[in-house]
Amino acid sequence: MIRKLGLALALFALWLLLSGIFEPLLISLGIISSLFVAWLAHRMEVIDHEGFPIHMGPRAITYWPWLIWEIIKANIDVALIIIKPELKISPVLFRSPASQKTEVGQVTYANSITLTPGTITVTVHGDTVDVHALTTGAADEVISGRMDKRACQMEGNS
């Protein structure tokens, strides 16, 4: 029941954020729409531990700022490679361990790699990921395991 209410609240908050209209009629229509979509999701049986991972929310509050900082640093590195042609790229494809226990954790880790400029997750194979990196420095950052550890912490496995 908590997941259903959490989904309805998240949908309403998103609706309110995107609409920006605070008239009583429209707010009530937003509430009705959010409850209806949550009911449909319940009927479709897509509100589960992985479909709506509300349990990861509190830990995401510390993970997202860290990930945003990693994205900013990687953006600067890629921008320097573009601006200064003497900095050579050295593309590399490698396999790195993925220590996450759930599919949601693995998807979070794989997407975090892909969101970081200069690296792309190509494939997830059980407990490993195949990653393409633009430079050996970007590859070393993934191989260091810091992002893997942070994704595990967000998942709830330290």
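This is a predicted model: local features need pLDDT of at least 70, side-chain atom pairs count only at pLDDT 80 or more; totals for chains, interfaces and linings use all residues.

1. Which domains does the domain assignment of the chain give? The assignment gives domain 1 (2–44) and domain 2 (58–155); such bounds come from an automatic or database domain assignment. The C-alpha centres of domain 1 and domain 2 lie 33 Å apart.

2. Residues are numbered from 1 along each chain as its sequence is written, and side-chain values use heavy atoms, with hydrogens and water left out.

3. The helix pair α1 and α2 comes next. Helix α1 covers residues 2–19 and helix α2 covers residues 24–43; they pack at an angle of about 140 degrees, with their axes 8 Å apart. Helices (H or I, at least four residues) and strands (E, at least two) are DSSP runs numbered from the N terminus. Axes are lines fitted to C-alpha atoms, for helices over the stretch in contact, and angles run from 0 to 180 degrees between N-to-C directions. α1 and α2 are therefore oblique to each other; angles under 35 degrees count as roughly parallel, over 145 as roughly antiparallel, 65 to 115 as roughly perpendicular and the rest as oblique. Their crossing is right-handed, that is, the near helix is turned clockwise from the far one by less than a right angle.

4. Which residues of α1 meet α2? On the α1 side they are Lys4, Leu7, Ala8, Leu11, Phe12, Trp15 and Leu16, and the partners in α2 include Leu26, Ile27, Gly30 and Ile31. Contact means heavy atoms within 4.5 Å. By class, the contact of α1 with α2 has 13 nonpolar, three polar and one charged residue. Here Ala, Val, Leu, Ile, Met, Phe, Trp, Tyr, Cys and Pro count as nonpolar, Asp, Glu, Lys and Arg as charged, and the others, Gly among them, as polar.

5. An open sheet of three strands has the order β1-β3-β2, with antiparallel pairing. β1 (92–97) and β2 stand at the edges, each with a single partner strand, so one side of each has no neighbour in the sheet. From one strand to the next, the twist averages 25 degrees. Two strands pair if DSSP finds at least two bridges between them.

6. Six bridges join β1 and β3 in the antiparallel sense, and Ser96 stands opposite Val129 in β3. α4 packs on this sheet, touching β1, β2 and β3, and its direction makes about 155 degrees with that of β2. Strand β2 (residues 119–125) and strand β3 (residues 128–133) also pair in the antiparallel sense over six bridges, with Ile120 opposite His132 in β3. The hairpin of β2 and β3 has two residues between the strands, and Gly126 takes a positive phi near 55 degrees there.

7. Helix α3 (residues 57–83) packs with α4 at an angle of about 30 degrees, the axes being 9 Å apart. α3 and α4 are therefore roughly parallel to each other. Tyr63, Leu67 and Ile71 of α3 make the contact with Thr108, Ser112 and Leu115 of α4.

8. The contact includes Tyr109 and Ile113 of α4 and Met147 and Ala151 of α6.
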